[in-house]
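Here are my notes on this model, point by point. Please read them with the structure open.

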Amino acid sequence: MHFEIECRSGKIKVFVKFPVVQQYLDEKLEPRDDKGKAVLAELIGEVFCRFTAREKVDRGEYPIIPGNEINMFNKAVNDLQKEYLHKIHEIITKT
């Protein structure tokens, strides 16, 4: 079983039967405790940063040098994580 939220339309797939996910989140992605909130924040942050990085790379905001595509994508993800991950954690863990 998996939970889905569509990226462009809000969909992210999370396989809730994965042992680590099951340990912290229920089948509806409700956190079991405060640690579950942190896991949920990480999942949401990862998807947000990767999706946004792909869009920034596609728009040319990160110059792509042939043979260096993966490094530039990773740089975009890392930059976004530095900027947004703590904010996502704050929102999720305070609710």
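1. Burial. Of the 95 residues in the protein, 27% are buried (buried: under 20% relative accessible area; exposed: over 50%; partly exposed: in between; 1.4 Å probe, protein chains only).

2. Basis. This is a predicted model, in which local features need pLDDT of at least 70 and side-chain atom pairs count only at pLDDT 80 or more, while totals for chains, interfaces and linings use all residues. Residues are numbered from 1 along each chain as its sequence is written, and side-chain values use heavy atoms, with hydrogens and water left out.

3. Elements. The protein has 2 strands and 3 helices. Their order from the N terminus is β-β-α-α-α. Both kinds of element are DSSP runs, numbered from the N terminus: H or I over at least four residues for helices, E over at least two for strands.

4. Surface and contacts. Take the contacts (heavy atoms within 4.5 Å) between residues at least 6 apart in sequence: 38% of them join residues at least 24 apart.

5. Salt bridges. How many salt bridges does the structure hold? There are 6. The criterion is a side-chain nitrogen of Lys or Arg within 4 Å of a carboxyl oxygen of Asp or Glu. Side chains of opposite charge can pair when their charged atoms come close.

6. The network. Salt bridges link Glu 55, Lys 56, Arg 59 and Glu 61 in a network. Arg 59 pairs with Glu 55, with 3.9 Å between the closest N and O atoms. Arg 59 also pairs with Glu 61, where the closest N and O atoms are 2.7 Å apart. Arg 59 counts as exposed, at 53% relative accessibility. Its two partners count as partly exposed: Glu 55 at 25% and Glu 61 at 40%.

7. Which side chain does Asp 79 meet in a salt bridge? Its partner is Lys 75, at 3.1 Å, N to O. Asp 79 is partly exposed at 24% relative accessibility. Lys 75 is partly exposed too, with a relative accessible area of 38%.
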